[in-house]
Amino acid sequence: MLLITCPVCGNVGDETDFHYGGQAHIRRPASANPGEVSDEAQRDYLYVRLNPKGLHFERWRCDRGCAKWFHMARDTVTMEIKACYGITELPPREIIAQIPPSNPWYGFFDQRQAEPASTAAEPKNAELESTGER
Amino acid sequence: MSEPDFASPLHHRTDRQSPRDLAIGLAEITDLGMIDLRGEPGDDRFLAAIRDCLGVDLPRLPRSSARHEAVTVLWLSTDQWLVLAPRADTPALVQALQVKLAGLHALVCDVSDMRCIIRLSGPEARMVLMKGCSLNLLAPEIKAGFVKRALFAEIAALIHVVDDDPDVIDLFVFRSYAEFAWEWLLRTGARNALVELYGEQNPPPV
């Protein structure tokens, strides 16, 4: 059983107090015209997920606290929770530096870290994610 | 058109006041209305408008509440509160809030009939509640005013400690679960179902 602390409201609870929301940092293909998005890009966006052994980045919801979504960096082998951070944020730099080359997340954040802060940030909540504005 | 008749979620139960042989006091609270309030806690105009209307500052600390005369405000999230007011005053209060908050990024909604409030009282109330949720209600920080959502007996619930000397605890459950929660409390709160297993215990003899 995972013991989780919500970064938004500080609620401490076991994982039944929280809800798992799948892989984090997924971006919808940015286009004003859905017809321009290739089938492959749409397939990857909808279905293709990383399945690392080791460090993983996930979305969780504080179900029995503030009901807000947040991000978590978790080790899928040791179950250690490395960091919890805001839903609009990228992982802490020291966590990104820990990703080994064998992990599919390796290099994933390089481009996003280089982007200006306004676009590098994740959308504010799950609803925004589907507006495809970026 | 005929006016809708108010019927509380447990109105059909004959035992909804002081029922059976229980270790706790159990009653349905029917005279409270509830208002769902959402807004931007960083917006001073929003906070000022709420203070004008309710006479009390919104509780900003997680799991806290604030009270002013007949109005109680429970913290639900960083941008969401549940306002409790006498049921008769609720429609007027909703209207006043909507007028005050016009033009601001805020939401006011009368949800009086959405939830059922079950009031537990007496020294065993915490023990009985703890049989249904993983919350440590015996912890010293759980005092009067404490508010927490919880998974209670497998259903979503909200726990509000109204008073801690003696204990009065309100349990909010969704209306459709009221019957289940009530039955659960009748069985678990029965005098012969009591347990004394929670909290600090003496180590077993070696």
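Author: Two strands pair if DSSP finds at least two bridges between them. Strands (E, at least two residues) and helices (H or I, at least four) are DSSP runs, numbered from the N terminus. This is a predicted model, in which local features need pLDDT of at least 70, side-chain atom pairs count only at pLDDT 80 or more, and totals for chains, interfaces and linings use all residues. Residues are numbered from 1 along each chain as its sequence is written, chains are lettered from A and ligands numbered from 1 in the order in which they are written, and side-chain values use heavy atoms, without hydrogens and water.

Reader: In what order do the strands of the open sheet with β3 and β6 of chain B run?

Author: The order is β3-β4-β5-β2-β6 in chain B, with antiparallel pairing. β3 (65-68) and β6 (106-110) of chain B are the edge strands; each has a single partner, so one side of each lacks a neighbour in the sheet. Neighbouring strands are turned by 20 degrees against each other on average, direction ignored. Such angles run from 0 to 180 degrees between N-to-C directions, with axes as lines fitted to C-alpha atoms, for helices over the stretch in contact.

Reader: Which helix packs on this sheet?

Author: Contact means heavy atoms within 4.5 Å. By that rule, helix α1 (residues 44-54) of chain B touches β2 (32-39), β3, β4, β5 (80-86) and β6 of chain B. The direction of α1 makes about 165 degrees with that of β2(B).

Reader: How many bridges join β3(B) and β4(B)?

Author: Four, in the antiparallel sense. B:His68 faces B:Val71 of β4(B) across the pair. The loop between β3 and β4 of chain B holds B:Glu69. Check its backbone: phi of B:Glu69 is near 50 degrees, positive in a residue other than glycine.

Reader: What order has the open sheet with β1 and β8 of chain B?

Author: Read β1-β7-β10-β9-β8 in chain B, five strands with antiparallel pairing. At the edges stand β1 (25-29) and β8 (147-152) of chain B, each with a single partner strand, so one side of each has no neighbour in the sheet.

Reader: Which residue stands opposite B:Gly25?

Author: B:Ser121 in β7(B). That pair of strands, β1(B) and β7 (residues 115-121) of chain B, is antiparallel over five bridges. B:Lys148 is set against B:Ile159 of β9(B). The two strands form a hairpin with two residues between them, and B:Ala153 in the turn has a positive phi of about 50 degrees.

Reader: Where is B:Pro166?

Author: In the loop between β9 and β10 of chain B. A cis peptide bond joins B:Asp165 to B:Pro166, with omega of about 0 degrees.

Reader: How many salt bridges does the structure hold over all chains?

Author: Side chains of opposite charge can pair when their charged atoms come close. The rule asks for a side-chain nitrogen of Lys or Arg within 4 Å of a carboxyl oxygen of Asp or Glu. The count is 18. One of them joins B:Arg191 and B:Asp21, with the closest N and O atoms 3.1 Å apart. B:Arg191 follows α4 of chain B and B:Asp21 precedes β1 of chain B, so the pair ties together parts 170 residues apart in sequence. Beyond four places in sequence, B:Asp21 touches B:Ala190 and B:Arg191. By contrast, the C-alpha atoms of B:Asp21 and B:Asp52, 31 residues apart along the chain, are separated by 45 Å.

Reader: How many residues of chain B are in contact with chain A?

Author: 14 residues of chain B, against twelve of chain A. Buried area is the accessible area (1.4 Å probe) that two parts lose on being put together, summed over both. Chains B and A bury about 960 Å², 43% of it on carbon and sulfur atoms. B:Arg63, B:Arg149 and B:Leu151 supply 41% of the area that chain B buries against chain A, more than any other three residues. Two salt bridges cross this interface. Between A:Lys68 and B:Asp79, which form a salt bridge, the closest N and O atoms are 2.9 Å apart. On the chain B side that touches chain A, β4 (71-77) and β8 of chain B each supply at least two residues. The largest share, four residues, comes from β8(B).
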